Amino acid sequence: MKQNLSILLILASAFAASAQTKKATKPVAKAVQVYTVGNKKVTVYTTAEKTDYRMSKTETLSFTENKQPFETEPCIFIDPTVKYQTMVGIGGALTDASAETFAKLSKKNQQELLTAYYSANNGIGYTLARTNIASCDFSSGSYTYVQDNDKDLKTFSVKHDEAFKIPLIKQAIAAAGGKLPLFVSPWSPPAWMKDNNSLVQGGHLLPAFRQSWANHYVKFIKTYEAMGIPVWGLSVQNEPMAKQKWESCVFTAEEERDFIKNFLGPTLQKQGLASKKLIAWDHNRDQIFQRASTILNDKDAAKYVWGIGFHWYETWTGSEMQFGNVRQTHDAYPDKALIFTEGCKEKFDVKKLDDWTLGERYGNSMINDFNSGTAAWTDWNILLDENGGPNHVGNFCFAPVHADVKNDKLIYTNAYYYMGHFSKFIRPGAKRVGSASSRDKLQATAFLNTDGKLAVVVMNQSGDKLKYSLWIKGQAATTTSLPHSITTLVVD
């Protein structure tokens, strides 16, 4: 009996301890987030084909009660309490081509361009930039920073960049208010580091030079920073699965994984650059998931990787833009950022500078990329000349702004304004929030800025004038989307 009593006491004690542990570890309920429309107004900014509207303030809307819209009422539904990724920034690339073209402009037009891109008040407020490590197709010629066979990089020098590129980057930083996160990307190692002994036509990095090449990134970053240009991040290789007639180098998924794991990642850490954002892939959406899974499923490589970069040129194959691959990558690896690192309209034609599809390509990509989890978006060249260059292999393309250098004139395409509908109103630190359109002709995304302003971007690629309501928490503000237009609705 005494033994049974002891057993009962032990069981009772264990039960009490278990109950206490469960009580202590019971998850705390999340606080319910609240967003009140109240007396907020909606300011509408519009860019539309066959109008003079270019990011123009076109109307101010008020909310009225509409608890439950009927299916006959087109709506953009917004729930600011449903939150997704945080915006890092939106911007464009400061390439050799952009810098050389910029240098040919008058001081007046140089200042105009800097204000147009980097002023948050008087321009579209870019907050991100990219530049090339050594030459790329958008350089006037091929160049490197080290002499042949200098594996110790004793001859390393960025003197080439001091003529045009470095001055432009510094002026862009100043125009952006002294802060402009910059990431840097190589197109090719020096020819002597590669198995094809050429800067162009792909080729692979030779195993014997993997450490020298890793050291090269460090040399570049530290040299730029010593010259007053902070470097925020870097990508491993521009377009690692492209064999091009311009600067290129092939890394298979396994090669990139192992280079990050065994050379680049450890070297950045040892050299005090562990805080730099390391971006893998930096190529098209078609293979983004395969590349991400190969690298990020290896924990020894993944620990060095901040995010996965991607381009939009999968359309070269005849494919549409493959946003589903971006979303799947985000869903599989939600702890890694997604960054759009490059896009432009290819095959420059001066007669198509007014083509409205230029801007619509940007709008379609940005809305769908953001809705797929993308946290940063970077255009290609911020400026090109009247020929779509300079480009040393004739790969001429469009930019949001072109310069007619012969006549000292700036030409703003509608792509500049389409990008501005995002970059001006969606600022770093903004959280993407729940948005859903009840009509396929109206594409939308929405972000809640840190100052409490809600920015909703709505694009209409159709030829129809479409009436719709912006619906938030039982309140609706009604407006009309013009044919082939993009609008930003700011709720404040």
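In the predicted model, domain 1 and domain 2 together bury about 2100 Å² between them, and 67% of this area falls on carbon and sulfur atoms. Three residues of domain 1, namely Met-55, Gln-85 and Ile-486, supply 28% of the area that this domain buries against domain 2, which is more than any other three residues contribute. The contact itself takes 26 residues from domain 1 and 22 residues from domain 2. According to the domain assignment, domain 1 is made up of 41–85 + 433–491, whereas domain 2 covers 89–428. The centres of domain 1 and domain 2, taken over C-alpha atoms, are separated by 31 Å.

The two domains also share in the lining of the largest pocket, to which each of them gives at least three residues. This pocket has a volume of about 280 Å³ and is lined by 13 residues, among which Lys-424, Phe-425, Asp-451, Lys-453 and Val-490 lie nearest its centre. By residue class, the lining of the largest pocket divides into five nonpolar, three polar and five charged residues.

A positive phi in a residue other than glycine is found at Lys-50, where the angle is near 60°; Lys-50 belongs to the loop between β1 (41–48) and β2 (56–62). With a relative accessible area of 81%, Lys-50 is classed as exposed, because this value is over the 50% cut-off. Asn-149, likewise not a glycine, has a positive phi of about 65°, and its place is in the loop between β6 (128–133) and α4 (165–175). The relative accessible area of Asn-149 is 60%, so that this residue, too, is exposed under the cut-off of over 50%.

A cis peptide bond joins Gly-389 to Pro-390, with omega near 5°. Pro-390 lies in the loop that runs between β13 (384–385) and β14 (401–404).

A further loop, between β11 (337–342) and α10 (357–371), contains Val-350. The relative accessible area of Val-350 is 49%, and this residue is therefore partly exposed, as the value lies between the cut-offs of 20% and 50%. Although Val-350 and Phe-398 are 48 residues apart along the chain, their C-alpha atoms are separated by 8.9 Å.

Note on methods: Residues numbered from 1 in each chain as written. Predicted model: local features only at pLDDT ≥ 70, side-chain atom pairs only at ≥ 80, totals over all residues. Heavy atoms only, no water. Helix = DSSP H or I, 4+ residues; strand = E, 2+ residues; numbered from the N terminus. Buried < 20%, exposed > 50% of the residue type's maximum accessible area, 1.4 Å probe, protein only. 1 Å grid on protein atoms, 1.4 Å probe; cavity = no way out; pocket = protein on both sides within 12 Å on 5 of 7 lines; lining within 4 Å. Points joined across faces, edges and corners; volume = space filled by probe spheres on them. Nonpolar A, V, L, I, M, F, W, Y, C, P; charged D, E, K, R; others polar. Domains from an automatic or database assignment. Contact = heavy atoms within 4.5 Å. Buried area = accessible area lost by both parts, 1.4 Å probe.
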